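Student: I would like to learn how to read a strand and a cavity in a protein model. Could you walk me through an example?

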Amino acid sequence: MAESLIALLRWYAEMGVDIALDEIPHDRTAAPAQPDRAPPAIAIEEPPQPPAARPPVTVAGAETVERDARAAAAASKTLEELRAELLAFEGCGLKTTATQLVFGDGEAGAKIMFVGEAPGADEDRQGVPFVGRAGQLLNRMLAAIGLDRRDVYISNVVPWRPPGNRTPTMIETAACLPFTRRQIELVGPKILVCLGLPSAQTLLGAKDSMTRIRGRWLTYDCGGTPIRAIALFHPAYLLRQPGQKKLAWQDLRMLARALEQMRAGEPATSGEGV
């Protein structure tokens, strides 16, 4: 008997049967038994649908946004009220992608106001303009002519960071511009400094390149009052092109001379604007 079992096991091994699956024998040739109930249906998950695209802004829609922006900006009597109006404003799509509003840094009454184009990643996180590498260079530029951030007001044309630091669209800029112009009026600077060509194009209507408009005084209409304005290389540009710092230093010295004249109560010299 034992020899027969051993021979059977040896035959199984030769045939490739080397593991026992069950203690009860099964007839594999028999028809499968019908289940007592149908197996549960398998739920098929639908793939997630992308969010609905924002409808494109039409010309009429853009005009409505600009009209609403002008009304909200004009109604603001203080910088605090203007900030509140901007927080409630829904006309600029950048508000939905930015972390927070980057309004401005400084106090009303500052003699000099610096305006860039739009916040970057560091500014978006902290809610304060020019606090990243470009802002640190701006601080050193101010210190080089005897100024501190507390002596000036700093802002941007667009107060929300565009995704990926892309350039703001014309529609986004137009929606924010009434607030920026009102912000300049409420600060009331004696000199407006546009940091970079986009700011100079938007606020001063500059048509030429930065190398052509820098180094000379221009004029900005501040709520009906003309004030002196100047375009400086943006600090971010100077970080990429340090060879241009020589020209930037010349422009800073021109700005410093204007400040000295204001402190002395002297009128602007010939060729220096209003």
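This is a predicted model: local features need pLDDT of at least 70, side-chain atom pairs count only at pLDDT 80 or more; totals for chains, interfaces and linings use all residues.

Student: Which way do the side chains of a strand point?

Tutor: In a regular strand, side chains alternate between the two faces of the sheet. Now take β3, residues 191-195. On one side it has I191, V193 and L195, and on the other L192 and C194.

Student: How many residues of β3 are buried?

Tutor: Here 5 of its 5 residues are buried, taking buried as under 20% relative accessible area. Both faces of β3 are covered.

Student: Which strands pair with β3, and in what sense?

Tutor: Strand β1 (residues 112-116) pairs with β3 in the parallel sense, over 4 bridges. Strand β5 (residues 225-232) also pairs with β3 in the parallel sense, over 5 bridges. To find these pairings on screen, look for F114, which stands opposite V193 in β3, and for L192, which stands opposite A229 in β5.

Student: Which element gives the most to its lining?

Tutor: That is α6 (170-187), with 4 residues. Helix α3 (79-88) and strand β2 (152-156) each supply at least two. Among the lining residues are L82, F103, N156 and F179.

Student: What classes of residue make up the lining?

Tutor: Sorted by class, the lining has 8 nonpolar and 4 polar residues, with no charged ones.

Technical notes. Residues are numbered from 1 along each chain as its sequence is written. Side-chain values use heavy atoms; hydrogens and water are left out. On a 1 Å grid over the protein atoms alone, a cavity is a set of points where a 1.4 Å probe fits but cannot get out, and a pocket is an open set with protein on both sides within 12 Å along at least five of seven lines; lining residues have an atom within 4 Å of a point. Ala, Val, Leu, Ile, Met, Phe, Trp, Tyr, Cys and Pro count as nonpolar, Asp, Glu, Lys and Arg as charged, and the others, Gly among them, as polar. Buried means under 20% relative accessible area, exposed over 50%, partly exposed in between (1.4 Å probe, protein chains only). Two strands pair if DSSP finds at least two bridges between them.
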